[in-house]
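Thanks, everyone. I have one structure to walk through today, and I will keep it brisk. Please have the view open.

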Amino acid sequence: RAPASQPWEAKRDWPFAELALREFVYLRGLETMIVLDRVKSGSDSLDAVYDSEYTGPRMAGNQVRKTFVLHATGTGSSGTGNPFTLGNATATASVGTQRMDLRTLLPASPAYRVVNEGGSVGQFRIEYDVSGTEMSYLLNVVSARDASEAAVSVSMSDLGDAWQLQLTHPGKGSATVVLRKGEASSGGSVRIGSGPVQA
């Protein structure tokens, strides 16, 4: 919200962010990263006014858009080709013989969009928004593989107070990950194949 005449205010202008907590679970054997974002938005002024008693226009916390972003380089000799292929809550970035698979588990039906960032590197990004509630969860699984390899398959079960993710690959094995719900990161577990559960 910081006006162009006061750009220095932008460095502290995060009025709607009540909570932004990101967790990573890296499964080396599967070449897969689980990313869970716990984000909570609050109501604040739409104007660049730093006064809690301001009575001007406001945005409610459940109207605030929260965005997930994932980058990939472009394709082709000039790096200007879009690497992303979009599916139903899935996307794949193909660059040469390498693949990066994105599977979005929360929200269930993300509205992906691809943005061409341009520049000399030829970078692209895929992103989607969530809104409608103050507390939001963005749960994504990102895997890397060779083009000749199968993708890691992912399924999720809602356990009430947690989510259980089952990841499998025909050659790399499997893993079960439990992530607890709530604003704080606590509990949860990881189990590789039939090995012991690691809390």
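Start with Arg125 and Glu127. Their side chains meet in a salt bridge, 2.6 Å from N to O. This is a predicted model, so keep that in mind throughout. How buried or exposed are the two partners? Arg125 has 23% relative accessibility, so Arg125 counts as partly exposed. Glu127 has a relative accessible area of 9%, and Glu127 is buried. The cut-off for buried is under 20%. This pair also belongs to a network. Salt bridges with shared partners join Arg65, Arg113, Glu117, Arg125, Glu127 and Asp129.

How many salt bridges does the structure hold? The count is 13. Let me pick out two others.

One is Asp37 with Arg22. Their side chains form a salt bridge at 2.6 Å, N to O. Asp37 sits in strand 2, residues 32-41, and Arg22 sits in strand 1, residues 17-27, so this pair ties together parts that are 15 residues apart in sequence. Look at the exposure of each partner. Asp37 is at 8% relative accessibility, so Asp37 counts as buried. Arg22 is at 42%, and that makes Arg22 partly exposed.

The other is Glu183 with Lys40. Here the closest N and O atoms are 3.1 Å apart. Where do the partners sit? Glu183 is in the loop between strand 14 and strand 15, and Lys40 is in strand 2. That links distant parts of the chain, 143 residues apart. Glu183 is partly exposed, with a relative accessible area of 40%. Lys40 is partly exposed too, at 24%.

Now the strands around that loop. Take strand 13, residues 162-169, and strand 14, residues 173-180. They run antiparallel, and eight bridges join them. Together they form a hairpin, with three residues between them. For a landmark, find Leu165. Opposite Leu165 stands Val177, in strand 14.

Stay on Val177 and turn to strand 15. Which residue stands opposite Val177 there? Val190 does. Strand 14 and strand 15, residues 189-192, also run antiparallel. Four bridges join these two.

Next, the aromatic rings. How many aromatic pairs are there? Three. Take Tyr112 and Tyr128. Their pair is edge-to-face, 6.0 Å centre to centre, with 65° between the planes. Tyr112 lies in the loop between strand 8 (98-106) and strand 9 (113-118), while Tyr128 lies in strand 10, residues 123-130, so the pair ties together parts that are 16 residues apart in sequence. Both count as buried: Tyr112 at 13% relative accessibility, Tyr128 at 0%.

Another pair is Tyr137 with Trp163. The ring centres are 5.0 Å apart and the planes are at 70°, so this pair is edge-to-face. The angle cut-off for that label is over 60 degrees. Tyr137 belongs to strand 11, residues 135-146, and Trp163 to strand 13. They are 26 residues apart, and the pair links distant parts of the chain. Trp163 is buried, at 4%.

Ring pairs link Phe68, Tyr112 and Tyr128.

Last, the whole chain. How many residues? The protein chain has 199, and 35% of them count as buried. The C-alpha atoms fill a box of roughly 60 × 45 × 25 Å along the principal axes.

The salt-bridge network holds Arg125 and Glu127. The ring cluster is Phe68, Tyr112 and Tyr128. Thank you.

Definitions and conventions: Residues are numbered from 1 along each chain as its sequence is written. This is a predicted model: local features need pLDDT of at least 70, side-chain atom pairs count only at pLDDT 80 or more; totals for chains, interfaces and linings use all residues. Side-chain values use heavy atoms; hydrogens and water are left out. Two strands pair if DSSP finds at least two bridges between them. Rings of Phe, Tyr and Trp (its six-membered ring) pair if their centres lie within 6.5 Å; planes under 30 degrees apart count as stacked, over 60 as edge-to-face and the rest as tilted. Buried means under 20% relative accessible area, exposed over 50%, partly exposed in between (1.4 Å probe, protein chains only). A salt bridge is a side-chain nitrogen of Lys or Arg within 4 Å of a carboxyl oxygen of Asp or Glu.
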